[in-house]
Amino acid sequence: MNFAVNFSNPFVLIFLVGTLLSFLINHFLEFIDYRARCKNAGKLPEELQKIELAVQTFDTEKLKKICDYENAKYFSWIPSSVCSLVVEVLLVLFGFYPWCFNLINSWVGFPSTIGNSFTCFLLFTIIASIPSALISLPFSLYNEFKLEKKFGFSNMTLKLWISDQLKSLLLSGILLVLLTLTASVFFVKTPQNWWWILASILIAFTFIMQIIYPKFIAPLFNKFEPLPDGEVKDKITQILDKSGFKNGGLFVMDESKRSGHSNAYFSGFGKSKRIVLYDTLIKSLTADELAAVLGHELGHFKLHHITKRLVFLIPMEFILIFLLYKLAQFPSLYTGFGFTQITAENVAAVQFIGLFLATTIYGSISEIISPLMSYFSRKNEYQADAYAAKICGSGENLITGLIKLNSENLHELYPPKIYAFWNYSHPTLVERINHLQKTCF
């Protein structure tokens with residue numbers, strides 16, 4: 001394997017600086033979050049001390065368990081992130097990706113037709129992903145079977161875990177083959193226009209998956225049964241009728257066979273829209289609290305948050321892929337990372353390599369812009385909370401439901417503001433309660 005990386009190449013410098021900077025930012029934020037937990041261990045936020053349910057729920061034992069759980073995740077994350085950084089950088093520095101490309105070329109030849117372009121693209125994607133997958137595997141197993149079980153969350157068996165992995169691998173393989181074949185056709189047939197065609201296909205694929213996933217893919221992993229008649233269904237139906245929300249059914253998912261974490265989600269669109277409640281959620285909340293939590297999710301639909309996000313994300317998808325396409329036209333992008341056999345004359349035939357490298361560079365700096373998306377997400381959450389309080393006639397049930405969910409899932413109560421600003425897509429429990437009390441009482 002030749003050491004052919006050019007450290008003076010601007011693309012290589014952006015990758016190295018961006019990767020290291022993202023690593024340092026994450027570790028700085030996680031460390032100050034850890035220090036804040038140590039400082040506030042056993043303390044209940046002043047705002048929650050005024051709420052009787054919070055005082056009863058977050059007793060000394062619960063507060064300690066939250067702190068211990070978050071610390072355990074932190075100490076597990078440190079070696080995982082260090083290993084990921086080392087592997088990511090070493091694979092680039094020691095020319096692993098050019099080696100993969102040369103090896104594949106020796107098998108199938110330089111990509112010039114749709115057939116061998118597809119084969120090269122597919123094999124390169126598979127081989128290039130193996131090291132990171134192998135590195136992440138032991139940490140994934142530790143988190144699932146040691147950490148999550150220690151704190152009473154994981155109900156996963158080794159047999160079920162292997163089954164999940166095999167199903168996921170099969171589905172990922174099918175999707176990879178389809179997308180790789182499609183991209184290869186346009187890389188060869190329309191080397192100057194593939195960016196907007198590929199962006200259009202990816203967007204269409206996203207919408208198609210919204211229809212396919214709830215009906216055909218999700219049932220491969222979980223059982224979905226109609227929500228039985230009773231108080232819970234009556235309360236939720238009342239909220240749905242008030243909001244005028246049409247859906248394809250209310251379902252209960254058997255999440256408890258894997259995890260004790262609780263949640264609910266909406267999937268699909270149009271007639272395929274369905275509401276899914278984890279069975280763990282139904283056990284945790286009262287009927288009124290469940291209705292309030294669903295009212296929050298309805299708020300995202302009724303306030304057009306999803307539509308607004310699509311209006312923003314669809315043009316951004318085109319812009320991003322266009323920028324990746326432009327980067328893939330620079331021969332220096334390839335030579336900088338050790339692909340010395342790629343020149344201006346043959347770069348059009350290997351744009352999948354350029355797309356891979358450009359995506360790698362983007363991934364190294366994406367952490368720096370992540371707070372922007374988190375900010376808008378938190379703003380939408382406040383609006384959805386207000387909608388839920390309005391349609392339920394009060395914010396009390398949402399507040400008590402949020403307290404119980406925070407307690408059941410062992411979410412921390414005292415994240416530093418800068419940590420929450422950078423990482424949280426939802427406001428903290430205290431922030432949500434304060435906002436509900438100001439707007440609804």
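Predicted model: local features only at pLDDT ≥ 70, side-chain atom pairs only at ≥ 80, totals over all residues.

**Entry 1: contacts and overall form**

I began with contacts (heavy atoms within 4.5 Å). Among contacts between residues at least 6 apart in sequence, 76% join residues at least 24 apart. Residues are numbered from 1 along each chain as its sequence is written, and side-chain values use heavy atoms, with hydrogens and water left out.

Next I looked up the radius of gyration, taken over C-alpha atoms; the globule rule is 2.2 Å times the number of residues to the power 0.38. For 441 residues a compact globule would have a value near 22 Å, and the protein has 24 Å, which agrees. Along the principal axes, the C-alpha atoms fill a box of roughly 70 × 50 × 45 Å.

I then listed the secondary structure: 16 helices and 4 strands. Helices (H or I, at least four residues) and strands (E, at least two) are DSSP runs, numbered from the N terminus.

How much of the protein is buried? I found that buried residues make up 44% of the 441 residues. Buried means under 20% relative accessible area, exposed over 50%, and partly exposed in between (1.4 Å probe, protein chains only). The accessible surface comes to about 22400 Å², of which 65% belongs to carbon and sulfur atoms. Such areas come from the Shrake-Rupley method with a 1.4 Å probe, and for residues, only the protein chains shown count as cover.

**Entry 2: the strands**

I turned to strand β2, residues 250–253. In a regular strand the side chains alternate between the two faces of the sheet.

Which strands pair with β2? Two strands pair if DSSP finds at least two bridges between them. Strand β1 (residues 224–226) runs antiparallel to β2, joined to it by 3 bridges; here F224 has M253 as its bridge partner. With β4, strand β2 pairs in the parallel sense over 4 bridges, and V252 stands opposite L277 in β4.

**Entry 3: salt bridges**

Side chains of opposite charge can pair when their charged atoms come close. I counted a salt bridge when a side-chain nitrogen of Lys or Arg is within 4 Å of a carboxyl oxygen of Asp or Glu. By this rule there are 10 of them.

One of these joins R37 and E412, at 3.5 Å from N to O. The pair links distant parts of the chain, 375 residues apart: R37 is in helix α1 (residues 10–40), and E412 is in the loop between α14 (396–408) and α15 (417–423). R37 is buried at 7% relative accessible area, and E412 is buried too, at 8%. I also saw that D33, R37 and E412 are linked in a network of salt bridges.

My next pair was D385 and R432, whose side chains meet at 2.8 Å, N to O. D385 lies in helix α13 (residues 351–392) and R432 in helix α16 (residues 429–440), so the pair ties together parts 47 residues apart in sequence. D385 is buried at 0% relative accessibility, and R432 is buried at 9%.

The last pair I looked up was D254 and K257, with the closest N and O atoms 3.5 Å apart. Buried or partly exposed, I asked of K257? K257 is partly exposed because its relative accessibility is 31%, whereas D254, at 17%, counts as buried.

**Entry 4: a nonpolar patch**

Helix α7 has the largest share, 5 residues.

I checked F269 by itself: it sits in the loop between β3 (264–267) and β4 (274–278). F269 counts as partly exposed, at 35% relative accessibility.

**Entry 5: one serine**

Finally I looked up S76, found in helix α3 (residues 60–93). S76 is buried, with a relative accessible area of 8%. Leaving out residues up to four places away in sequence, S76 touches F139, Y142, N143 and L147.
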